[in-house]
Amino acid sequence: MINKQINNTISVDCVIFGFDFEKLNVLLVDRELKDEETGDKLFSDLTLTGNHIYENESLEDAAVRILFDLTGLENIYLKQFGAFCDPERLKKPNDQAWLKASGRDPESRIISVGYYSLVTTENVTLKWKGRNVKWYPVSEVKNLAFDHMVILESALKALRRELMYEPIGFELLPDKFTLSQLQKLYEVVLGVELDKRNFRKKIARMKYLIALDEKQKGVAHKPARLYMFSREVYEKTRKEVLDFNI
């Protein structure tokens with residue numbers, strides 16, 4: 001049984017990535033502070049999804065709980081990628097004011113463990129959990145509360161490294177997808193333009209990429225064949241190294 005006493009020195013921040021076939025997005029949460037006496041807005045900005053852990057709660061369990069509490073999302077891919085403990089990470093004026101208003105010691109040191117998560121945005125319905133959550137293009141995010149820009153940039157680097165050698169990109173795609181959509185995913189995440197012919201040669205080595213006897217429906221162009229990712233085949237062949245370095 002989880003002890004619901006909050007640990008005030010350890011938090012979990014989750015970087016939730018989503019792909020909409022055109023761009024890589026990140027899920028951010030509104031943060032707004034109002035004057036208690038006048039009700040006037042003092043500031044508003046954006047944060048990653050995160051919160052403190054409970055005592056006797058594992059880090060991963062905390063990440064799962066926090067994601068659900070803020071977004072309603074369950075059973076999604078999670079990967080721990082780093083810890084953030086710079087003594088100055090909470091020292092910006094807005095962050096200090098936010099901590100004071102929430103009854104926390106603004107001078108205390110908080111260590112945050114980062115997880116990134118991958119979801120298919122078309123299959124996600126965000127649920128109201130008391131604060132607004134919204135998808136933002138990663139390329140357009142320039143400033144976040146606390147040290148969350150540092151965490152976001154670190155998560156993106158970890159995602160790119162992992163994508164080179166593990167088939168985690170399929171977590172960002174629907175169950176059935178085209179090769180063009182798969183290529184677009186790699187281009188968007190890695191920030192490069194890939195040669196179609198070379199890309200097809202590389203993915204031809206993916207034994208776990210299964211061609212289906214189905215084609216796209218409801219598209220203006222010539223419908224392309226659909227494919228699926230087989231985790232069962234992947235688990236059987238995962239000893240074969242996939243090098244997607246370009």
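Reply: Happy to! One definition to start: a residue is called buried when its relative accessible area is under 20%. Please keep in mind that this is a predicted model.

Me: Which residues of helix 3 are buried?
Reply: Helix 3 covers residues 148–165. Its buried residues pack against strand 1, strand 2, strand 3 (41–47), strand 5 (77–84), strand 6 (111–120) and helix 4. With the cut-off above, the buried residues are His148, Met149, Ile151, Leu152, Ala155, Leu156, Ala158, Leu159, Leu163 and Met164.

Me: How far does helix 3 reach from its first C-alpha to its last?
Reply: Start from the count, which is 18 residues for helix 3. At 1.5 Å a residue, 26 Å is expected. The reach in the model is close to that, at 26 Å.

Me: Are helix 3 and helix 4 parallel or oblique to each other?
Reply: The two axes come within 10 Å and cross at roughly 140°. Helix 3 passes helix 4 in a left-handed crossing. Angles over 145 degrees would count as roughly antiparallel. The crossing angle of roughly 140° therefore makes helix 3 and helix 4 oblique.

Me: What classes of residue make the contact of helix 3 with helix 4?
Reply: From helix 3 come Leu156, Leu159, Arg160, Leu163 and Met164, and these meet Tyr186, Val189 and Leu190 in helix 4. Sorted by class, the contact has one charged residue, no polar ones and seven nonpolar.

Me: How many of the twelve residues of helix 4 are buried?
Reply: The buried ones in helix 4 are Leu179, Gln181, Leu182, Gln183, Leu185, Tyr186, Glu187, Val189 and Leu190. Their cover includes strand 1, strand 2 (24–34), helix 3, helix 5, strand 8 (209–215) and strand 9 (225–229). Helix 4 is largely enclosed by the rest of the structure, because the buried count is nine of the twelve.

Me: How far apart are the end C-alpha atoms of helix 4?
Reply: Helix 4 has twelve residues, and at 1.5 Å a residue they should span 16 Å. The model agrees with this, its end C-alpha atoms being 16 Å apart.

Me: Which residue takes a positive phi just after helix 4?
Reply: Helix 4 runs over residues 179–190. Just after helix 4, a phi of about 70° is taken by Gly191.

Me: Is helix 4 roughly parallel or roughly perpendicular to helix 5?
Reply: The axes of helix 4 and helix 5 (residues 196–203) come within 11 Å, crossing at roughly 100°. Angles from 65 to 115 degrees count as roughly perpendicular. So helix 4 is, relative to helix 5, roughly perpendicular.

Me: Which residues of helix 5 make the contact with helix 4?
Reply: Helix 4 brings Leu179, Ser180, Leu182, Gln183 and Tyr186 to this contact. By class, the contact has five nonpolar, two polar and two charged residues. On the helix 5 side, the residues are Lys196, Phe199, Arg200 and Ile203.

Me: Is Ile16 buried or exposed?
Reply: Ile16 sits in strand 1 (residues 6–19). Beyond its neighbours within four places in sequence, Ile16 has contacts including Val26, Leu67, Val119 and Trp135. Its relative accessibility is 0%, so Ile16 counts as buried.

Me: What is the relative accessible area of Arg65?
Reply: Arg65 belongs to helix 1 (residues 59–71). Leaving out residues up to four places away in sequence, Arg65 touches His52, Ile53, Tyr54 and Glu57. Arg65 is buried, and its relative accessible area is 17%.

How values were computed: Residues numbered from 1 in each chain as written. Predicted model: local features only at pLDDT ≥ 70, side-chain atom pairs only at ≥ 80, totals over all residues. Heavy atoms only, no water. Axes fitted to C-alpha atoms, helices over the stretch in contact; angles between N-to-C directions. Helix = DSSP H or I, 4+ residues; strand = E, 2+ residues; numbered from the N terminus. Parallel < 35°, antiparallel > 145°, perpendicular 65-115°, else oblique. Contact = heavy atoms within 4.5 Å. Nonpolar A, V, L, I, M, F, W, Y, C, P; charged D, E, K, R; others polar. Buried < 20%, exposed > 50% of the residue type's maximum accessible area, 1.4 Å probe, protein only. Left-handed = near helix turned anticlockwise from the far one by under 90°. Expected span 1.5 Å × (residues − 1).
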